[in-house]
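The sequence and structure are shown first.

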Amino acid sequence: MIKKKDVPYRINLPEDRIPRQWYNLRADMKELPPPMLNPGTLRPITKVEELAPIFCDELCKQELNTTDRYIDIPEAIVDFYKMCRPSPLIRAYCLEEELETPAKIYYKFEGNNTSGSHKLNSAIPQAYYAKEQGLKGLTTETGAGQWGTALSMACAYYKLGLEVFMVKGSYNQKPYRKNIMETFGARITPSPSMTTEVGKKILEAFPDTNGSLGCAISEAIEAAVTGESKRYVLGSVLNQVLLHQSIIGLETKEAMAMCGEYPDVVIGCAGGGSNLGGFIAPYMQDRLTGKAKPYFIAVEPASCPSMTRGKYAYDFCDTGKVTPLAKMYTLGSDFLPAPNHAGGLRYHGMSPILSKLYADGWLDEARSYVQTDVFEAAVRFARCEGLLPAPESSHAIKAAIDEALKCKESGEEKTILFNLTGTGYFDMTAYASFLDGSMGDSVPTDEQLEASFARLPKVD
Ligand SMILES: *Cc1c(COP(=O)(O)O)cnc(C)c1O
């Protein structure tokens, strides 16, 4: 099936149309997400001073800002963004022809910078504000390594020190990720480690653990608050990160409008929710204000199904229970997902903003796929679009393909839009295990989830 190519394959926004403000979705929400709670007192956190020992001052303000609809992007960050943005919006003609679907498929490709994913969009502002505040260094965690890589680049750019706690399983499995971060000047510690009190405690209880994101977060926070002139930064989940990632959605909406398009279905993969939240933000604004009614789909791995099978409850953001509590869809802060190659989607919770939108029915659907189905979609996509997608991003690809095949059945000419968050070049072990047939699927049982829910903090 050959289609008429009435819009270009690749739609690039002119540089002078790069957004100069981030969009703060909370300003348009009918009801706000419930506030974070102080882990000691369980009282709502409403003041910047309460968060300031952990995060940079400006980022604390962004975290708590529920009223300013648009927030200026500092000139220096606009300039940095110009080095790798606007990211391309691509019309997937080849995939449409392969699927023989009447649907139009568009994707935004965020993997074109050296760090390989959308995470640089937030790493740069987080490092920038730390520099402005005169701090010496930052600490963070990384799972699969994309966030650590993006932040290492950002810290190298602003000449800030960086200590990365890397989930031990990934540290052992993905040595090149560690080498990239070290090349950019970061110091990497496999987590759990003996360098923090919380790490020692976890190692005492579980000497053979491969670690988890939640555990690495606890260690990174401890290293920040006990270190001198250091703060902690997080690559997803937080309101500030969704704010920075709105650059993806703003560019997409502008580029779609340039070719006279508006999506019927908007799809993104969801780990902590930052790319999905930022990607859908301007379209969600249309939905919340009654201007349009696109259908939103969040996609997650069946091995870590926080939205599809989790509970909407207050929970800690980390295993060590040192972070504030957030109300979110969660599998429990000590839930240890089975190994899955989409490391960036292995987080127990979900952004409080997206959780609230999902609970209230604005985010229409969450669905999950097992990893072999996801890789099948990734390979099919790679063969016709000539782009090697990250395993995380391939969750969105799988959903887009399924939606397009539904259109083939029904004959509907829907416009499907998804976010392709990163490249798969760092994930060749995962592709190898899919291609040689050794990849398996694992899905937690109801009993495992119930056991984890029973350990959720009691908050009413
Ligand atoms: C981290 C990551 C994700 C998931 O993170 P979100 O915060 O949910 O966006 C998705 N894709 C890639 C390539 C990633 O690196």
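## Ligand surroundings

In this predicted model, the ligand is surrounded by 18 residues, and the closest among them are Lys119, Ser236, Gly271, Asn275 and Thr421. Sorted by class, this shell comprises 12 polar residues, 4 nonpolar residues and 2 charged residues.

Gly272 contributes a polar backbone atom that is 3.0 Å from an oxygen atom of the ligand. Taken on its own, the ligand has 390 Å² of accessible area, of which the protein covers 98%.

The space that the ligand takes is the largest cavity.

## The largest pocket

The largest pocket has a volume of about 530 Å³, and its lining is made up of 28 residues, with Val167, Pro337, Pro339, Asn340 and Arg346 lying nearest its centre. Two or more lining residues come from each of the elements α7 (168-173) and α10 (213-226), and α7 supplies the largest share, namely 3 residues.

Which classes of residue make up the lining of the largest pocket? By class, the lining has 17 polar and 9 nonpolar residues, together with 2 charged residues.

Terms used:
Residues are numbered from 1 along each chain as its sequence is written. This is a predicted model: local features need pLDDT of at least 70, side-chain atom pairs count only at pLDDT 80 or more; totals for chains, interfaces and linings use all residues. Side-chain values use heavy atoms; hydrogens and water are left out. A residue is near a molecule or strand if one of its heavy atoms lies within 4 Å of it. A polar contact is a pair of N or O atoms within 3.5 Å; within protein, one must be able to donate a hydrogen and the other to accept it, and residues adjacent in sequence count only if both atoms are side-chain atoms. Accessible areas come from the Shrake-Rupley method with a 1.4 Å probe; for residues, only the protein chains shown count as cover. On a 1 Å grid over the protein atoms alone, a cavity is a set of points where a 1.4 Å probe fits but cannot get out, and a pocket is an open set with protein on both sides within 12 Å along at least five of seven lines; lining residues have an atom within 4 Å of a point. A molecule sits in a cavity or pocket if more than half of its atoms lie within 2 Å of its grid points. Ala, Val, Leu, Ile, Met, Phe, Trp, Tyr, Cys and Pro count as nonpolar, Asp, Glu, Lys and Arg as charged, and the others, Gly among them, as polar. Grid points are joined across faces, edges and corners, and a volume is the space filled by probe spheres set on the points. Helices (H or I, at least four residues) and strands (E, at least two) are DSSP runs, numbered from the N terminus.
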